[in-house]
Amino acid sequence: MQRNFRATAKPPDPKVDLLIFKKAREMIAYGNDCLYNKQFPRKYRVGNAIGAQIEGAMYDILDGLTEAATKEHKKTALTQVDHKILYLRQLLITAVDPKMNTAAVLIPLDSQRKWCEMLEEMGKILGSWLKKLNS
């Protein structure tokens, strides 16, 4: 008889689930909504195109945060996550730039602004975490 693990799975303990993890999941949900809408063409989402790079960077941020939360020496991992946040911002700026694609702007400007505000908020939380480690 097989057990259904989904039925017995428990949600994470609120004390263990950090605010930055919640913000990262919200950013990924919003980013997937932006990437998989009808305006973002499929040819820019597959392979090594900018959509695939954006999606990979979002999940790399979540992976880096998970790694930093479990490591004893967190400073290096948090610095790498900060680098990934900056990289994702640059990718979003590139996706909005009409000079980069001849067809049209890939992400609407208001969506890009909201996405960058989410990244900025995550960066502030990350910066305070780094500052706490330095003191």
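So, how much of this chain is buried? Of its 135 residues, 35% count as buried. Keep in mind that we're looking at a predicted model.

Okay, on to the inside. The largest nonpolar core has 37 residues. Which ones have the most contacts inside that core? They are Met27, Ile54, Ile61, Leu65, Leu88, Ile107 and Trp115. H2, H3, H4 and H5 each supply at least two residues of this core.

Let's pick one of those residues, Trp115, and look around. Skip its neighbours within four places in sequence, and Trp115 still touches Met27, Tyr30, Gly31, Cys34, Leu35, Ile54, Met58, Leu92 and Ile107.

Trp115 is also one of the buried residues of helix H5, so let's stay with that helix. H5 runs over residues 109-134, which makes 26 residues. From first C-alpha to last, H5 reaches 36 Å, close to the 38 Å expected at 1.5 Å a residue. What covers the buried residues of H5? The cover includes helix H2 (19-35), helix H3 (50-70) and helix H4 (75-96).

Now, how do the helices sit against each other? Two packed helices are described by the angle between their axes and the distance between the axes. Take H3 and H5: their axes are 14 Å apart and they pack at an angle of about 20°. Under 35 degrees counts as roughly parallel, and therefore H3 and H5 are roughly parallel to each other. On the H3 side, the contact is made by Ile54, Met58, Ile61, Leu65, Ala68 and Ala69, and on the H5 side by Trp115, Leu119, Met122, Leu126 and Trp129. There's our Trp115 again, with Ile54 and Met58 among its contacts.

The other pair is H3 and H4. Their axes come within 9 Å and cross at roughly 160°. Over 145 degrees counts as roughly antiparallel, so that's what H3 and H4 are. Among the H3 residues meeting H4 are Ile50, Gln53, Ala57 and Gly64, and on the H4 side you'll find Leu78, Val81, Ile85 and Leu88, among others.

One last thing, the handedness. The crossing of H3 and H4 is left-handed, and the crossing of H3 and H5 is left-handed too.

Notes: Residues numbered from 1 in each chain as written. Predicted model: local features only at pLDDT ≥ 70, side-chain atom pairs only at ≥ 80, totals over all residues. Heavy atoms only, no water. Helix = DSSP H or I, 4+ residues; strand = E, 2+ residues; numbered from the N terminus. Expected span 1.5 Å × (residues − 1). Buried < 20%, exposed > 50% of the residue type's maximum accessible area, 1.4 Å probe, protein only. Contact = heavy atoms within 4.5 Å. Core = buried A, V, L, I, M, F, W, Y, C linked by side-chain atoms within 4.5 Å. Axes fitted to C-alpha atoms, helices over the stretch in contact; angles between N-to-C directions. Parallel < 35°, antiparallel > 145°, perpendicular 65-115°, else oblique. Left-handed = near helix turned anticlockwise from the far one by under 90°.
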